[in-house]
Amino acid sequence: MCKQGHRTGLVYGIKLRTHNMWFTHLIWTDGGDSGSPVVSGRTLVGNAWGAQHSSPILSIVDEMNANGGTGHLAN
């Protein structure tokens, strides 16, 4: 598992656990890395935010679909 951050670049790490809408990992992040893609192999699995937390990509897609899909704002 790794992420490509604006501040820290390409950094590798491991997933520790999943809890509700996020998962915790040991991938170094720094200010400016929020929103960075997190991948496992060649598969997009989420986006990084905060210190060692990410939102799973399927939860992000489900939320977008529930609000009209891509390019739409929630009311």
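Me: What makes Arg7 and Asp30 a salt bridge?
Reply: The closest N and O atoms of Arg7 and Asp30 are 3.7 Å apart. A salt bridge is a side-chain nitrogen of Lys or Arg within 4 Å of a carboxyl oxygen of Asp or Glu. So Arg7 and Asp30 form a salt bridge. The pair links distant parts of the chain. Arg7 is in the loop between S1 and S2, Asp30 in the loop between S4 and S5, 23 residues apart. This is a predicted model: local features need pLDDT of at least 70, side-chain atom pairs count only at pLDDT 80 or more, and totals for chains, interfaces and linings use all residues. Residues are numbered from 1 along each chain as its sequence is written, and side-chain values use heavy atoms, leaving out hydrogens and water.

Me: Why is Arg7 called exposed?
Reply: Its relative accessibility is 53%. Exposed means over 50% relative accessible area, buried under 20%, and partly exposed in between (1.4 Å probe, protein chains only). Therefore Arg7 counts as exposed.

Me: Why does Asp30 get the label partly exposed?
Reply: Asp30 has 35% relative accessibility, so it counts as partly exposed.

Me: How many salt bridges does the structure hold?
Reply: There are 2. Lys3 and Asp33 also meet in one, at 3.6 Å from N to O. Lys3 is in strand S1 (residues 2–5), and Asp33 is in the loop between S4 and strand S5 (37–40), 30 residues apart.

Me: Are Lys3 and Asp33 buried or exposed?
Reply: Lys3 is buried, and Asp33 is too.

Me: What makes S6 and S7 a pair?
Reply: Strand S6 (residues 43–49) and strand S7 (residues 53–56) share 4 bridges, in the antiparallel sense. Two strands pair if DSSP finds at least two bridges between them. So S6 and S7 pair. Strands here are DSSP runs (E, at least two residues), and helices are too (H or I, at least four), numbered from the N terminus. Ala48 has Ser54 in S7 as its bridge partner.

Me: Which strands are the edge strands?
Reply: The sheet is open, with 7 strands in the order S2-S1-S5-S6-S7-S4-S3 and antiparallel pairing. Strand S2 (9–12) and strand S3 (14–19) are the edges, since each pairs on one side only.

Me: Why is Leu26 called partly exposed?
Reply: Leu26 has 49% relative accessibility, so it counts as partly exposed. Leu26 lies in strand S4 (residues 22–26).
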